[in-house]
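Work through the exercises below with the sequence and the model at hand. Each task is followed by its solution.

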Amino acid sequence: MEKKIYIIQPTYRKMDGKKVKGWNQFNHSYNIPMLSGAVPDDWKKDTCIEYFEEINYETDAGIILLLCMGYDIMYAREVADEFKRLGKTVIFGSHLDKFSEKILFEASDSVIHGSPGRKEMKMVLDDALYGRLKKVYDFGTDLNYRFDYSSLKNIRMPYIQAVMGTGCRNNCDYCCTAGVYNGKYRMRKISMVIGELKEISKLNKYAAFNDSNIYNNALYLRRLCREITANKIGIKWGGQATIDIGNDDETLAALYESGCRILYIGFETISHKNLKSISKSFNPDKYKELTAKIRSHGIAVAGYFMFGFDDDNKDTFEKTWEFIKDAKITLPLLNVLLPVPGTRVYDRLKQQNRLRFPDEIEFGNTSPLYSVPCYKCYFKPLNISSALLEKKYLELYRKASRIPEMIKRSLSSSFSDSVKFFLMNYGLRKEYRKMKSEFGNV
Ligand code: SF4
């Protein structure tokens, strides 16, 4: 077999069966650079991000490495089946959760959990070359090697994703990151991240850190920001952080200076009871004050909100809307709670017989779930019916995606940032239209 590998990030199908093409929030642009960077120098490699490119089924590569994060698993299986039919060796790479192993095993020769570094990738490729591939490899997530961003050279994206570490120091019950990392995290070497940001800055003026929480280690974050500033990288960037970053003026100042212009904060709910029930230890009474502090440093706040927790009822949506307006949230990201296997929320709802899909097998086989329709309620809420929850959720989405509201939220002291924020908000409007046509008028 020639030493050649074809690394593919497949897209996924929406509920109407159509493949998602072009930019969307799920086509993580660091996955291909991450895996591509681990391939040994004596191997040839081709890459394909199917959101933007077509898969070449006539490739002369003997090994196909499919990156599949979870929501795209059902479609990735279709791709795997086709390559298997063509006699290729198919490996699923960088898959984190274990609940979908059955699907992956059926469709592939091998599954890699975690992220192989250069040494581990060489081991897997040698095993494939000499016909001794193991069914499963488990490599953890040490990302301390240099990613290869050259595969993104010809693709136009609104921003490019970077990574400073993996995991999260928190351990929230509903969260997939917590399900995998259990309250632990690991940071990458700063020199490595800086090298990649320099490469990214030649491709795009905007970057987003894909970390679940960039505020895992304040000291590390400040050092990284100072290096970005000292190296004059000159990109504007954003990332996800916990709301307690609002208490940390020193870090916020360093963030702004390094080009950070938006932080994505997981507020999730403004109910004390809800936060307690999901082991998220923040005080919602402080949310507005901390958000104002972040904004005072010139950094906009995007907010994640989730609906369907046990303390939620029909009034929750209006209260949350008032909060979004009062706290001047630049980009509200609204979701109905999705009980994902591997999380404690899933286990709890299953134990209470409140899931609307009975077990992992059915979950895995429920293709629509993997197209992530974020208005769908797959469980029985406690204080509101599923149908009313979906309806109220869509009403809130409609309010949030009105043009005057979007303009008001997007305004910032920089014209170009305002345009960028408006375009991000405009994505909500498109999403709302799609959901409305699936759901019917509300
Ligand atoms: S803070 Fe965010 S990333 Fe961390 S465990 Fe909680 S929900 Fe997950």
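The model is predicted: local features need pLDDT of at least 70, side-chain atom pairs count only at pLDDT 80 or more, and totals for chains, interfaces and linings use all residues. Residues are numbered from 1 along each chain as its sequence is written.

**Exercise 1.** Determine whether Asn182 is buried or exposed.

Solution. A residue is buried if 20 or more other C-beta atoms lie within 10 Å of its own, exposed if 12 or fewer, and partly exposed in between, with C-beta atoms placed from the backbone. Asn182 has 10 C-beta neighbours inside 10 Å, so Asn182 counts as exposed. Next, locate Asn182: the loop between helix 5 (176–181) and strand 9 (185–187) holds this residue. Helices (H or I, at least four residues) and strands (E, at least two) are DSSP runs, numbered from the N terminus. Finally, the phi of Asn182 is positive, about 55°, although this residue is not a glycine.

**Exercise 2.** Apply the burial count to Glu268.

Solution. Within 10 Å there are 23 other C-beta atoms, so Glu268 is buried. Glu268 belongs to strand 12 (residues 260–268). Its phi is near 70°, a positive value in a residue other than glycine.

**Exercise 3.** Describe the largest nonpolar core and what helix 2 gives to it.

Solution. Such a core is a set of buried Ala, Val, Leu, Ile, Met, Phe, Trp, Tyr and Cys residues joined through C-beta atoms within 7 Å. The largest one has 123 residues, and Ile64, Leu66, Ala162, Ala207, Leu263 and Tyr393 have the most contacts inside it. Helix 2 (residues 73–85) gives the most to this core, with seven residues. At least three residues come from each of domain 1 (4–138) and domain 2 (158–439), with bounds from an automatic or database domain assignment. Among the buried residues of helix 2 are Ile73, Met74 and Phe83. Just after helix 2, Gly87 takes a positive phi of about 85°.

**Exercise 4.** Which residues surround the ligand, and how do they divide by type?

Solution. The surrounding residues include Cys168, Asn170, Cys172, Ser212, Thr242 and Gly266. Ala, Val, Leu, Ile, Met, Phe, Trp, Tyr, Cys and Pro count as nonpolar, Asp, Glu, Lys and Arg as charged, and the others, Gly among them, as polar. The shell divides into four nonpolar, seven polar and no charged residues.

Methods: Near = placed C-beta within 6 Å.
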